[in-house]
Amino acid sequence: MNNDILNQSIEFIKGIGPARSKLLSEELNLKTVKDLIDFYPYRYIDRSRFFKINELPKNQSEVQIVGKIKSVKRTKVRFRNRLNCEFYDDTGKVDLIWYRGFNWVEESIKTNEEYVIYGKLSWFGNNPSIAHPEIKTKDSFNRNIPRRLHGIYSSTEKLVNEGVTQKYFVKIIYNLLNSLQNQIKENLSYNILNKYNLIDRYKAIVNIHLPESQELLSGSTKRLKFEELFFNQLGFQLSKNERIQKLNGFKFEKVGDHLNEFYKNNLPFELTGDQKKVIKEIRNDFRDGKQMNRLLQGDVGSGKTIVSLMVMLIAIDNGFQSCILAPTEILANQHFKSIMELLSELDVKIDLLTGSVKAKDRKLIHRDLLSGKTKILVGTHAILEDIVQFKNLGLSIVDEQHRFGVAQRAKLWKKNTPAPHVLVMTATPIPRTLAMSLYGDLDISSIKELPPGRITTKTVHKYDKNRLSVFKFLRDQITRGRQVYLVYPLINESEKLDYKDLMDGYESIVREFPRPDFQVSIVHGKMKSKDKDFEMNRFINKETQILVSTTVIEVGVNVPNASVMVIESAERFGLSQLHQLRGRVGRGNEESYCVLMTKDKLSEESKIRVDTMVNVSDGFKLAEVDLKLRGPGDMMGTRQSGVLKFKLADIIYDSEILNNARKSAYELLESDPRLIKKENYPIRHEISTSSNSKNLWRYIS
Ligand code: ADP
Ligand code: MG
């Protein structure tokens, strides 16, 4: 498209002028020609279809009917006048009602004239009525209302008062699009249009504003959504290609002694198919000489640890060191312990570095890292400090990536040149569509299969009024030697009310479960981390049977003997979070339970959420439902929602289009990485001129 024209003020569009242009800018932020072209209707009404009265839908849809008015009556209801007309076709009657401004109706209605009415239905029992319908003589309808779909533009009262009506929008946009017929250029290649059966751009823009038919409207929407997602995905692919070209990575070609020995003699169980698949994917990355940047998602308990361990062994076999980063000290300790156990038969030096390591020991750790003696470093943020230097770091693993920011990941990159391979692991599965639009430049591996013999956690929903029976059940479990989590929501760390709930809850639990028979720990975000760890450890060491806490235990903690998770005010948690919490239990071989406590009256949405938790145990499926219930912005937190704002496309419902857009962007760059082939000129041209895609230009210029 020609940018000069597109960036012109709408003031110069035929029929607008300075006053209205100012108004449109103030009210709807429409400033340039491009703004107006992109100002699509937010819904459509069908003026091609006529209903018979006896076939009217029994809901509140907008309908159009031809018929005659038999009577016009002014009535008074509670001192207020209204006008009531009986409107008939040959199948029945509709009441037309005006509450105000009906003098002209009263005066001009003729009882033998044919009218077309249009408006929103109401039903009183079996009697349909329409308030304030649009009413036109058949004649005037035929002259003025095109029988087709009409787009409805969002507007404001002020605009309407100033004469910027729906009709006005249609007129200026119709004129504008006519005058731009030769300026609105195709921006996809013929190949892509053809392969994905897309209509051409100009036609799509015309038909999204002024659809000739339902089919053309769908075709236009599809085409424009595709375009939107295509350039989004093309951006990811271009940036990924650049990273791959620029960032050489270490090549790990050998499969050496450590991995072989571990595999033959120390592997405690048969790997699941998905674990094998993921290890293979990572090994392929290791072999191709590029820096790996991979996200590994797998439900809680799916066995990510062993995968990370085995790929670290590959690094060691190729002469490199590895580190694994955990978000909390407790988690780092757990990783350290399990890795030490798994590798106890091998001669590999492993160190643990956290905030509480004493200065003296720290020095030794630093020394052994630098000399290369230590092969695996497990730790918290402490690893990131500049003073921590490796001899030859080849692989960094980040557990529970959503607790780490991009800046922290970048610090890991700087620990060696070229940057070490990076594997981020998360137990919060992200729906594929979301992952594609958020982390489009990361490679993604998934473990969907759980290790065999896992007993699914039984999930039940209990209302507050049944609390006593829940307590009885807990007592029962504790008597059998089990341990129990009791979690309170803490949506906002600073909310006083939440803390009050937590402390009240704690007190009532201590009352219900008195010492010395029962011991209760409490952990929350306002405690010092030393105290937190102390209380946590009492629970881990079975000194206490009940752990009352806020969601601080959400991440990673492993206490196989804990078999019950009680979640208070479960209606206040999102699905992903509930699932994370539930994942804390069911880690041993015993039957385990998740109890969702809620208030007695639940909203529709909360009920769906709770029921979904009761019925679905697969984290990937839950993530999909969560996405549908909450939308991408809420699910990922507001920080990321901006990235996901598409004008037309909806990553929940348009996943097929998204898949195709991604695939076509990939195929395009495979065959023409810098977009220099003639057939791809439209795409190149779009990138060089359009303000939306301008940031891609640096990749291909
Ligand atoms: P997560 O993915 O949550 O980090 P872990 O790696 O902690 O899961 O594994 C959870 C449990 O499952 C551990 O006790 C681990 O030993 C066990 N496990 C992992 N893989 C397998 C397997 N293939 N077969 C049997 N048990 C396994
Ligand atoms: Mg884990």
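Buried means under 20% relative accessible area, exposed over 50%, and partly exposed in between, with a 1.4 Å probe and protein chains only. Helices (H or I, at least four residues) and strands (E, at least two) are DSSP runs, numbered from the N terminus. The model is predicted: local features need pLDDT of at least 70, side-chain atom pairs count only at pLDDT 80 or more, and totals for chains, interfaces and linings use all residues. Residues are numbered from 1 along each chain as its sequence is written, chains are lettered from A and ligands numbered from 1 in the order in which they are written, and side-chain values use heavy atoms, with hydrogens and water left out.

**Exercise 1. Overall inventory**

State the secondary structure, the box and the buried share of the protein.

Solution. 
- Start with the elements. The protein has 27 helices and 21 strands.
- Take the box next. Along the principal axes, the C-alpha atoms fill roughly 100 × 70 × 40 Å.
- Finish with burial. Of the 701 residues, 51% are buried.

**Exercise 2. Strands β9 and β14**

Which residues of β9 and β14 point each way, and how do these strands pair?

Solution. 
- Begin with β9 (residues 293-298). 6 of its 6 residues are buried. N293, L295 and Q297 point one way; R294, L296 and G298 point the other way.
- Turn to β14 (residues 421-426). Here too, 6 of 6 residues are buried. H421, L423 and M425 point one way, while V422, V424 and T426 point the other way.
- Join the two. β9 and β14 are parallel, with 5 bridges. N293 has V422 as its bridge partner, and L295 stands opposite V424.
- Look across β14. β13 (residues 393-399) pairs with β14 in the parallel sense over 5 bridges. V398 stands opposite V424.
- Look across β9. β15 pairs with β9 in the parallel sense, also over 5 bridges. R294 stands opposite D443 of β15.

**Exercise 3. The shell of ligand 1**

How many residues surround ligand 1, and which polar atoms of G301, G303 and R454 lie by its oxygen atoms?

Solution. 
- Set the cut-off. A residue is near a molecule or strand if one of its heavy atoms lies within 4 Å of it.
- Count the shell. 15 residues surround ligand 1, and the closest are E270, G301, K304, T305 and R454.
- Sort the shell. It divides into 4 nonpolar, 6 polar and 5 charged residues. Ala, Val, Leu, Ile, Met, Phe, Trp, Tyr, Cys and Pro count as nonpolar, Asp, Glu, Lys and Arg as charged, and the others, Gly among them, as polar.
- List the backbone pairs. A backbone N or O atom of G301 lies 2.6 Å from a ligand 1 oxygen. For G303, a polar backbone atom is 3.1 Å from an oxygen atom of ligand 1.
- R454 places a polar side-chain atom 2.8 Å from an oxygen of ligand 1.
- Close with cover. Ligand 1 on its own has 560 Å² of accessible area, and the protein covers 73% of that.

**Exercise 4. Helix α21 and K136**

Is K136 buried, partly exposed or exposed, and which residues of α21 are buried?

Solution. 
- Classify K136. It counts as partly exposed because its relative accessibility is 21%.
- Take α21 (residues 575-582). 7 of its 8 residues are buried. They are L575, S576, L578, H579, Q580, L581 and R582.

Methods:
Polar contact = N/O pair within 3.5 Å; in protein donor to acceptor, adjacent residues only side chain to side chain. Areas by Shrake-Rupley, 256 points an atom, 1.4 Å probe, with all protein chains shown as cover. Pairing = 2+ DSSP bridges.
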